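Here are a few friendly notes to read with the model open beside you.

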Amino acid sequence: QVQLVESGGGLVQPGGSLRLSCTASGFTFSRFAMSWYRQAPGKERELVASISSTGGVTNYADSVKGRFTISRDNAKNTVYLQMNSLKPEDTAVYYCNGRFRATVLREYDYWGQGTQVTVSS
């Protein structure tokens with residue numbers, strides 16, 4: 001059974017930090033590119049950060065560059081999102097995503113249940 005379980009969300013003051021974790025099971029984690037998405041109330045889900053299967057390539061949304069860091073530990077089947085200098089506009093539900101394209105016609109796409117991050121004083 002495929003599972004992606006996020007943790008680490010919560011309430012933090014502006015300027016504070018949080019580290020999100022997403023632990024995977026039921027699939028070969030080390031073959032999957034992993035990403036963090038977020039969705040704020042009334043807005044579409046947006047890509048926050050992504051990391052290649054080996055961890056060698058990372059990408060970030062412009063809005064979080066320099067503040068957020070994505071990383072992974074393939075031995076622990078876990079991907080992380082370190083969030084620093086948090087702003088109220090970072091408030092959202094954060095989702096973990098795993099994606100692997102096995103063939104041109106077959107892509108595996110898995111999602112976690114989400115964890116709430118609220119930035120407020």
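1. A definition to begin with: a salt bridge here is a side-chain nitrogen of Lys or Arg within 4 Å of a carboxyl oxygen of Asp or Glu. Please keep in mind that this is a predicted model.

2. With that in hand, have a look at Arg72, which is found in strand β7 (residues 68-73). Arg72 is buried but has no salt bridge. Its nearest side chain of opposite charge belongs to Asp73, 8.2 Å away.

3. Another arginine is placed over a ring: Arg45 lies over the face of Trp111, at 4.7 Å from the ring centre.

4. Now to the rings themselves, where the count comes to 7 aromatic pairs. Phe27 and Tyr110 have ring centres 5.0 Å apart and planes at 50°, so this pair is tilted. Phe27 belongs to the loop between β3 (18-25) and β4 (33-39) and Tyr110 to strand β10 (residues 107-111), so the pair ties together parts 83 residues apart in sequence. Phe27 is buried, at 14% relative accessible area.

5. Tyr110 also forms a tilted pair with Tyr108, at 6.4 Å centre to centre and 55° between the planes. Tyr108 is partly exposed, with 26% relative accessibility. Ring pairs link Phe27, Phe32, Phe100, Tyr108 and Tyr110 into a cluster.

How values were computed: Residues are numbered from 1 along each chain as its sequence is written. This is a predicted model: local features need pLDDT of at least 70, side-chain atom pairs count only at pLDDT 80 or more; totals for chains, interfaces and linings use all residues. Side-chain values use heavy atoms; hydrogens and water are left out. Rings of Phe, Tyr and Trp (its six-membered ring) pair if their centres lie within 6.5 Å; planes under 30 degrees apart count as stacked, over 60 as edge-to-face and the rest as tilted. Helices (H or I, at least four residues) and strands (E, at least two) are DSSP runs, numbered from the N terminus. Buried means under 20% relative accessible area, exposed over 50%, partly exposed in between (1.4 Å probe, protein chains only). A charge sits over a ring if NZ of Lys or CZ of Arg is within 6 Å of the ring centre and within 35 degrees of the ring normal. Lys and Arg count as positive and Asp and Glu as negative; His and the chain ends are not counted.
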